[in-house]
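Here is a short report on one protein chain. Keep the structure in view while you read.

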Amino acid sequence: MVNGADGLLLGIDIGTASSKGVLVDARGTIVARTSRPHETSQPHPGWVEHDAESVWWRDFTAIAGELAAAAGDRPLAGLGVSGIGPVLLPADAEGRPLRPAVLYGVDTRASREIDELTAELGAESIVERGGTVLSSQAVGPKWRWLARHEPEVFGASRLFLMASSYLVHRLTGEYVLDHHSASQSDPMYDLRAADWAGDWAEAVAPGIRLPRLCWPTEIAGTVTAAAAAETGLPEGLPVTAGTVDAWAEAASVGVTEPGDTMVMYGTTMFLIQLLADPNPHPGLWTTRGVSDGSYSLAAGMATSGAITDWLRKLAGRDFGELVSAAAEVPAGSRGLLMLPYFAGERTPLFDPDARGVFAGLTTGHGIGELYRAALEGIAYGVRHNLEVMADAGGRARRLVAVGGGVQGGLWTQIVSDVTGIEQEIPAETVGAALGDAYLAAVALGWSPDIGAWNPVRSVVRPDAGRGEVYERFYQRYRALYPATSEIAHFLAAEQRAAE
């Protein structure tokens, strides 16, 4: 094994819109970094997919080769990987993908199967055993969808892979899945037993051999000669079991103690709060953490950065211009209120037919008001999820903001003003790949200090005056969804019929 003082660590993450990699030394200093953009495929309404070979493996080999070259004469000590999840990639007995991967909660194709399995297994039993209601985030209903709609593919399926476990299998030949990813494979995992729920797994995916379970802080295997030839990585390089990208990102910013909460500003908004003990709530996802004995509450909004990008394209301006225009608008966006449910909503509503609403529009509103109302609407959604976490016994002791949306400062300030909670901004705010390298260091027994790897750069503190304004708007925000949901559901049905 390479000595920690000399060796470099690789961290590579496969995201929804891009893949990123870092090369890190034992002190957490980033020696090199790189990324590759990619796109999702949406072949039908409600379907969102990635091709494992042309997206995941192509990105990985390019990034790994570039970073290995950047290491020069310094030895590589270990590799950590992560990726989007939970996803469903059916594969044959050799691990060859049989179709594109079905992505996480943004893919809503299995609504019928969600209802069926909920009725068969019982909603309360599902939450009690697995920690989470069945929703578009769940893997089990997507297996049943596959059996119903693509029986030839299902019949040839033998293995169940996700983005990280696909990489691990290609690199090492090991068929593993980390406990956290498994705990998002509802209803196939028993949360408290920390093991597969064999009877339920057989009910939703009969004949599928389930992977060996590991923790993300364990070494799953080493790079084979064949994988070394494809990637430029050294044969025998230790590889971690991997995990879902958001949890790797939480590790990268020191979200390690109960009450620590990460708020990830990205294409979707995602929140992770660590727990000492599981307390399943029907409005959230309760999962295993990245280390043995840890649990987490998670919440995810279906759209956030996707809305701001939509407005950017409509306005034909760059983000800097939009942020400047919104910063000139007072709190409350001059009487404009937005529901950010442009692609349905995940937690805490679990309503794929929810739709976006701008309430209060007049011809006096311009792009500044629209953009600020979008940021405020997403912030109200963050507060809603934090309140549900509190109802589940999870108190936000510390908030850490990460993701591309922290740039510019306006969005994070609005979230702190709406929630009344300060947020720490770490030095590295787009850090799933850094988290992968950190988890590899833990797996190698290096005892890394994440506070030294990624220190706090600044703190966003709430403004009490704006908070008073937002309190009044938040109450109306909470009332707007129940008042408009029937209309939204009608419009969602009309949209499907028109496609």
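The report covers the nonpolar cores, the aromatic rings and one lysine.

## Basis

This is a predicted model, in which local features need pLDDT of at least 70 and side-chain atom pairs count only at pLDDT 80 or more, while totals for chains, interfaces and linings use all residues. Residues are numbered from 1 along each chain as its sequence is written, and side-chain values use heavy atoms, with hydrogens and water left out.

## Nonpolar cores

In soluble globular proteins, nonpolar side chains tend to be buried together. A nonpolar core here is a set of buried Ala, Val, Leu, Ile, Met, Phe, Trp, Tyr and Cys residues joined through side-chain atoms within 4.5 Å. Buried means under 20% relative accessible area, exposed over 50%, and partly exposed in between (1.4 Å probe, protein chains only).

The largest core has 75 residues. Trp56, Phe60, Leu79, Trp143, Phe160 and Leu233 have the most contacts inside it. Helix H1 (residues 52-70) gives this core its largest share, 9 residues. Helices (H or I, at least four residues) and strands (E, at least two) are DSSP runs, numbered from the N terminus. Apart from this core lies another, of 50 residues, including Leu191 and Val418.

Phe60 touches Ile12, Leu79, Val81, Leu167, Leu171, Thr231 and Leu233, leaving aside residues up to four places away in sequence. Contact means heavy atoms within 4.5 Å.

## Aromatic pairs

Rings of Phe, Tyr and Trp (its six-membered ring) pair if their centres lie within 6.5 Å; planes under 30 degrees apart count as stacked, over 60 as edge-to-face and the rest as tilted. This rule gives 19 aromatic pairs. Tyr265 and Trp411 are edge-to-face, because their ring centres are 5.2 Å apart and their planes stand at 80°. Tyr265 is in strand E16 (residues 260-265) and Trp411 in helix H14 (residues 410-419), 146 residues apart. Both residues are buried.

Phe270 and Trp285 have ring centres 5.9 Å apart and planes at 20°, so this pair is stacked. Phe270 is buried, at 6% relative accessibility. Trp285 is buried too, at 3%.

## Lys20

Is Lys20 in a helix or a strand? Lys20 belongs to strand E2 (residues 18-24). Its relative accessibility is 32%, so Lys20 counts as partly exposed. Lys20 and Ala432 lie 412 residues apart in sequence, yet 8.2 Å apart in space, C-alpha to C-alpha. The Lys20 side chain also makes a polar contact with the side chain of Ser18, at 2.9 Å. A polar contact is a pair of N or O atoms within 3.5 Å; within protein, one must be able to donate a hydrogen and the other to accept it, and residues adjacent in sequence count only if both atoms are side-chain atoms.
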